[in-house]
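Colleague: I'd like to learn how to read a protein model. Could you walk me through a few features?

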Amino acid sequence: MAQPASTTTLYAELSRCGQKQEYEKAIRIANKILQQNPEEFAAFNCKIISLLFLDRFDEALAALNKDKTHTGNLKLEKAYCEYRLNRTNEALSTLRSISNPTPRTKELLCQVLYRIEQYDECYNLYRDVIKNSQDEFDSERETNLAAVIASLQMWNKKDMDDPNFAENSYEICYNNACYWIGKGNLSVALEKLDKAEELLKNDSDLTEEELDEELAIIRVQRGYIFQIQGKQEQASQLYNQVLKAKPTDAGLIAVVSNNIVTLNKEQNIFDSKRKIKAATGDHLKHKTVSAQRQHIDINQCLVHLYSNQSDQCHQLAKKLTDQYPNLDTPLMIRVAQYIRDKKIDDAVTLLKDYIKVRPEMSFKANMIIAQLHLNQGSVYQACDALKDLGDLAHKPGIVSTLVALYLSQEDKEAASEVLINAVNWYKKNNPKSPALMTLTRANADFQLKNGKAEEAAKMLEDLRKANPKDALVLAQLISSYAQFDPAKAQQISKDLPPVAKIVEGLDVDALEASFSTLGPKYLKKQQPKGEASPLPSGDAKSGDTVMMKKKTRKKKKGKLPKNCKPGSDIDPERWLPRKERSYYRGKRKDKRKDIGKGTQGMSAASQAIADSLDASKPSSTEPTSPKASNSSTASPQSTPTPLPQGPRQQKPVQANKKKKKTGKGGKW
């Protein structure tokens, strides 16, 4: 029987496998050593490292968890396995348990902190690592630090200083572009992306597939900038170009699909449903940051809304409300879905319940409730919703809205009460606010307009105390007291300035001359007919006075009929249809029209002679005699031409009805 190889021989062979990168063989040799002596830490360590090089992280983690002897000395390797298996919180706990972290441990901790979006601690730790490390990986650390700074600027909205890293790689240029996007300087961001693309194309170490993958990220970021700038078509072209290339990065596909959904909005719903499906899924949890996942979930909810999937919309919105309790967008989507389903009462109930849970959102919710009631024509319910705003209900804008709504219902008492309550609230809570004077003046004008002189006088007294030299307030106050206390009005009127002071500095000539520039339209109402109006001084050409002239309208010439010669007689029957005119004889195409209708063989001339010899028929050459006149000397008169009748009075001449021929074949 062959003797087992000695431990020294196995270690020598294990060392050769490491040099030749034969990791599978190294694992088998390490297992042989551990079978002979389970306490061999070096063999166990070589086995774990070989599994890591082969990306068999689950096997390595299982071996570490199973072994209780050596795991305490391999916490870094265990944390790395947990990190690569997306067990980020477990990796963080493992790294935190290391008492004396090495630079390698700190660097892995930076990666874990970046994954769980704890950017502040990650930023400080990276600066410490870069400060205390000097090796060939400094450029990679600067690239990672640039990514952390960009994330702080974009996602945490923290104002960060420009790191001013040397842009000698496309990764740093890309991270700097993200930093400037967070700053809001899109033009600089586009310049950084262009430089990153140029450096990327000049990198000869990249394969064609790797080049396409990296270019896709730059194109998507450029499309995002175009979309923010409102260049929708250019952004859509870039997004579709990336999708046609079929990138392998699932996170990139999710971001592109979500951005296309935002471009579609409520249109092209079928495409949006396909795209949002590609942007959702548990496998994308570690490929995107929380802000991106939140946007994708909200857009998915909106797709359900626009596609009339009411149940799915409410379910997802409830889930998002629980997941993001400080986000009010899911609730607003549910309200919109209820309105879309014409369930207004359910929408109002949902908003009122939301106010109880989050009182800080009462303003927005009550405004929506008021608008919903107004859409239904319930004005008083809308006013009640505005009054539920609490102290905000006394703001000038809300007060103005309430007064307008009550006046639309002709409820002057309620409008007056709103104004009075607002003035009293400011007197008690914020007497130095400029809104108090605004509301007081509005209240005084309202009371004067509606005949409540006493209430108006109270408001005007307050205004006078605030501004004693306001002549308008004094005049209004006198007018108010004159209605219920003439003695008080007489007393206050003594404070009016004298007339000489009022007209002091007033140019009467210029005032009168200004009326002449208004034109006759306005002067006619102010001056009697024929009275001269003053002209501006210095107008010597026009004379001293100008008489009012009455405008005369020009008479338009009537239009003549077509082809009518001027001076010729106009046909009085031109408005009648041609067939209804007295001189119309029609058009006959019958060649037998000249055939006589007398006895057989009689011609037209013979018929005319026969008619003239017939004594029973009057002669057509003699004029018709008029009726006898009272005077014996009256001369005969011809029959006057009858006036043409209107088209509605004249009846068309009926044509002779043709008798139907009897018999067959048209015979006699």
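Predicted model: local features only at pLDDT ≥ 70, side-chain atom pairs only at ≥ 80, totals over all residues.

Colleague: How many residues does helix α19 have, and what does it reach from its first C-alpha to its last?

Modeller: Helices are DSSP runs (H or I, at least four residues), numbered from the N terminus. The expected span is 1.5 Å times one less than the number of residues. Helix α19, residues 344-357, has 14 residues and reaches 20 Å, close to the 20 Å expected.

Colleague: Which residues of α19 are buried?

Modeller: Buried means under 20% relative accessible area, exposed over 50%, and partly exposed in between (1.4 Å probe, protein chains only). In α19 the buried ones are Ile-344, Ala-347, Val-348, Leu-350, Leu-351, Tyr-354 and Ile-355. Looking down the axis of α19, they fall within an arc of 160° (taken from the directions from the helix axis to the C-beta atoms), so they line one face of the helix. The general idea is that an α-helix has 3.6 residues a turn, so residues three or four places apart point the same way.

Colleague: What do the buried residues of α19 pack against?

Modeller: They pack against α18 (329-340) and α20 (362-375), with contact meaning heavy atoms within 4.5 Å. On the face turned away from the buried side, α19 carries the exposed residues Asp-345, Lys-356 and Val-357.

Colleague: How many aromatic pairs does a search of the whole structure find?

Modeller: The search finds 7. Rings of Phe, Tyr and Trp (its six-membered ring) pair if their centres lie within 6.5 Å; planes under 30 degrees apart are stacked, over 60 edge-to-face, and the rest tilted. Phe-57 and Tyr-80 have ring centres 6.0 Å apart and planes at 70°, so that pair is edge-to-face. Phe-57 is buried at 6% relative accessible area, whereas Tyr-80 is partly exposed at 29%. For Tyr-380 and Tyr-406, the centres are 5.9 Å apart and the planes at 55°, so the pair is tilted.

Colleague: Where does Arg-581 lie?

Modeller: Arg-581 sits in the loop between α30 (520-526) and α31 (604-613). Arg-581 is buried, with a relative accessible area of 16%.

Note on methods: Residues numbered from 1 in each chain as written. Heavy atoms only, no water. Helix = DSSP H or I, 4+ residues; strand = E, 2+ residues; numbered from the N terminus.
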